[in-house]
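Here is a walk through one protein, from its domains to its sheets and then to its helix contacts. Keep the structure open as you read.

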Amino acid sequence: MNEVKLTDGQQALVDATDSLFAAACPGAGKTRAMVARFLKRTAEEPRRGIALISFTNAAVDEVRHRCGSQTEALRTPHFVGTFDTFIHRFIVTPLYVKAYNRKPNYVQSWQDVTSTSFRLVPDLGRAKDLEFRWFDFEPDGRAYLDVSRVPKTFGDAAVHHQLAQRKYEAEAKASHIFGQLLKVGTITCEAARLLAAFWLNSSEERAILEGLLRARFAEVIVDEAQDCGREELDILHFLQDSGVRVVMVGDLDQSIYEFRNATPAAVQEFAARVPAQPELDDNWRSSPAICAFNSALRSGQLVETARGENSVVQTPVHLIEFSALDQIVPAALEVAERYKLAADDLVVLSHAEAHGMKAVGVAGLEAAGSNRVLAIANAGSTLRSRDTDPKARRKAVEQVQRAILATLTVGRDTQHHSFTAVCEEISVDPRWLESFAVRMALGLDAQGKTRLDFAAEVREFLKTAGWGDGPAPASSDLGKLFKAPPEAAWAGVSSFGNSPSIRYSTVHGVKGMEFPGVVLVLPDRLRVDPVTGRTVLDDWEGAHNTEARRVLYVAGSRAQELLVCALHRKHTSRVAALLDVKGVPYSTA
Ligand SMILES: Nc1ncnc2c1ncn2[C@@H]1O[C@H](COP(=O)(O)OP(=O)(O)OP(=O)(O)O)[C@@H](O)[C@H]1O
């Protein structure tokens with residue numbers, strides 16, 4: 001087992017006997033403390049379980065890893081998993097089985113189910129498909145179209161106007177599809193949350209669940225509790241009311257999932273009502289200048305102190321100015337060099353992926369559109385490049401899997417079914433499909449080939465591949481499904497080979513992670529909030545606690561030794577003035 005030394009503050013979280021909400025600064029060792037508590041509590045509770053809930057699979061993997069050899073703690077009755085899995089397994093599945101007499105099949109998102117892209121009849125003209133994610137659903141399945149989510153690319157002004165006019169029709173259709181999905185048991189995370197909320201409102205179902213959960217769990221620990229949305233808070237309330245101890249730890253300023261209903265105000269309100277609210281203000285990750293930067297962006301009173309090995313690092317925050325995004329990396333590398341940091345130590349972070357990508361010189365994947373041949377070319381180069389992040393790799397493989405699945409389901413009605421359900425229906429092992437997709441993507445190299453040649457190669461590969469015991473595609477379908485991509489899109493393929501010399505990610509993609517150096521990009525045009533009319537710098541200057549501001553805080557607080565703010569020249573003086581006021585040590589040299 002790992003020898004873990006805890007500070008007094010961390011130990012207090014481990015030993016607490018009441019429900020609590022601990023507010024912690026970045027790098028406070030939240031996960032370390034929560035894992036220590038989980039291991040202690042699982043050893044103490046022989047019969048009932050302890051649940052440790054995180055929000056992402058990456059966080060769950062990290063917790064599992066940190067449990068080391070103590071695998072007893074990972075077995076039933078205990079639980080380590082995401083909030084979604086908890087909701088599925090312990091709330092929705094038992095009640096769904098009772099209501100429908102069959103097991104539900106969970107999928108990640110609406111996009112995994114074909115029928116959630118649909119068209120109206122008669123059609124809206126030259127428009128793309130309508131998408132489920134533009135709708136909000138009520139627990140009873142009623143749908144509401146949020147026109148602000150309909151992208152400009154959906155169609156021209158006339159099409160948008162028509163959609164607004166036929167809003168009720170679109171909502172009725174979405175609602176109908178939702179009902180179909182529920183009936184066949186295809187449930188997304190979002191639908192599961194709705195169902196959970198629906199059932200928690202019924203006293204009969206509540207009584208059933210209360211009995212089940214109280215018998216099963218003594219305690220539920222929630223890491224990164226700031227990410228709780230309304231539904232999760234309702235569930236935690238319910239658990240508390242059912243006599244289950246609830247232990248939460250989080251940093252409200254790292255709440256960056258407003259699009260998922262996570263609002264720090266609601267979490268704060270919840271926190272104020274739990275019996276204990278300890279604070280952790282020692283930052284074990286970052287240098288004093290980075291801690292000062294964090295405190296300058298924080299909304300609450302907490303002031304953090306650098307405590308770890310980087311507390312002796314004197315490096316100020318560096319401001320570098322650019323007028324074009326491709327100037328950032330050379331300037332950042334030059335600063336890094338002064339502190340003996342290399343390209344590998346750095347990550348470029350931006351709110352929108354496109355800015356980070358452009359800064360490091362990567363061609364956009366979205367160019368792939370819906371052309372399968374292009375998706376396969378893309379996937380090959382993504383997998384071959386050492387530097388692409390795991391999410392991009394997974395996305396690329398998924399696109400290839402979809403392309404293969406399309407060849408095996410020609411003429412079948414798969415639209416209401418998830419990826420896994422389709423595999424099941426045509427007897428294809430999802431793991432086989434994944435490895436086939438990877439083999440195919442790596443086996444075909446688009447570099448230096450014409451679009452027509454490469455498309456022919458893809459068809460040939462599929463024609464001659466070993467399909468094992470499973471179904472094989474009909475060669476007559478291959479020509480239709482694997483057409484050569486348009487010339488303009490193919491031109492991007494030639495730049496695939498140039499892998500970036502420096503990592504990049506969105507801020508959302510690096511939550512919970514840490515890097516020796518962070519390069520935080522503030523581009524030319526900052527997003528203007530449609531409601532407040534303010535940009536992130538307006539928010540910072542006006543002391544408005546908004547998500548845009550918290551995104552900056554999450555980004556900066558990932559840095560251990562060096563934080564470089566890469567600012568479009570329009571913003572330099574404003575940021576410098578803010579750092580002056582807040583007393584953050586910085587350099588523009
Ligand atoms: N008591 C401690 N002594 C030494 N190092 C520690 C201690 N606690 C945590 N650390 C180290 O500090 C760093 C930050 O810890 P961790 O990532 O768990 O923090 P966190 O609170 O989850 O951060 P964030 O919320 O910002 O993602 C890690 O490198 C961790 O190993």
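Two strands pair if DSSP finds at least two bridges between them. Four bridges join S16 (residues 346–350) to S18 (residues 515–522), and the two strands run parallel. Leu349 has Leu520 in S18 as its bridge partner. Keep in mind that this is a predicted model.

Now step back to the overall division. The protein is split into domain 1 (8–96 + 197–280), domain 2 (106–184), domain 3 (288–360 + 501–588) and domain 4 (365–495). Between the centres of domain 2 and domain 3, taken over C-alpha atoms, lie 38 Å.

Return to the sheet that holds S16 and S18. It is an open sheet of six strands, ordered S17-S16-S18-S19-S15-S20, and the pairing is parallel. Its edges are strand S17 (503–506) and strand S20 (586–587); each has a single partner strand, so one side of each has no neighbour in the sheet. Helices pack on this sheet. Helix H12 (residues 328–338) touches strand S15 (317–322), S16, S18 and strand S19 (559–568), and its direction makes about 155° with that of S15. Helix H23 (residues 572–582) also packs on the sheet. H23 touches S15, S19 and S20, and its direction makes about 165° with that of S15.

Another open sheet of six strands has the order S3-S2-S10-S11-S1-S12, with parallel pairing. Here strand S3 (79–82) and strand S12 (279–280) stand at the edges, each with a single partner strand, so one side of each lacks a neighbour in the sheet. Look at the S12 edge. Strand S1 (residues 20–24) pairs with S12 in the parallel sense over two bridges. Ala24 stands opposite Leu280 in S12. Then look at the S3 edge. Helix H3 (residues 57–66) lies across strand S2 (49–54) and S3, running at about 155° to S3.

Next come the helix pairs. Two packed helices are described by the angle between their axes and the distance between the axes. Take helix H11 (residues 288–297) and helix H22 (residues 547–556). Their axes come within 9 Å and cross at roughly 165°. That angle makes H11 roughly antiparallel to H22. The crossing is left-handed. On H11 the contact uses Ile290, Phe293, Asn294 and Leu297; on H22 it uses Arg549, Leu552, Tyr553 and Gly556. By class, the contact residues are five nonpolar, two polar and one charged.

Helix H14 (residues 372–384) has two partners to examine, starting with helix H15 (residues 390–408). The axes of H14 and H15 come within 9 Å and cross at roughly 145°. H14 passes H15 in a left-handed crossing. H14 brings Arg372, Ala375, Ile376, Asn378, Ala379, Thr382 and Leu383 to meet Ala392, Arg393, Ala396, Val397, Gln399, Val400 and Ala403 in H15. The residues of this contact divide into nine nonpolar, three polar and two charged.

How do the axes of H14 and helix H18 (residues 451–464) cross, and within what distance do they come? They come within 10 Å and cross at roughly 90°. That makes H14 roughly perpendicular to H18. Val373, Ile376 and Ala377 of H14 make the contact with Phe454, Ala455 and Val458 of H18.

Key
Residues are numbered from 1 along each chain as its sequence is written. This is a predicted model: local features need pLDDT of at least 70, side-chain atom pairs count only at pLDDT 80 or more; totals for chains, interfaces and linings use all residues. Axes are lines fitted to C-alpha atoms, for helices over the stretch in contact, and angles run from 0 to 180 degrees between N-to-C directions. Angles under 35 degrees count as roughly parallel, over 145 as roughly antiparallel, 65 to 115 as roughly perpendicular and the rest as oblique. A crossing is left-handed if the near helix is turned anticlockwise from the far one by less than a right angle, and right-handed if clockwise. Two residues are in contact if their C-beta atoms, placed from the backbone, lie within 7 Å. Ala, Val, Leu, Ile, Met, Phe, Trp, Tyr, Cys and Pro count as nonpolar, Asp, Glu, Lys and Arg as charged, and the others, Gly among them, as polar. Domain bounds come from an automatic or database domain assignment.
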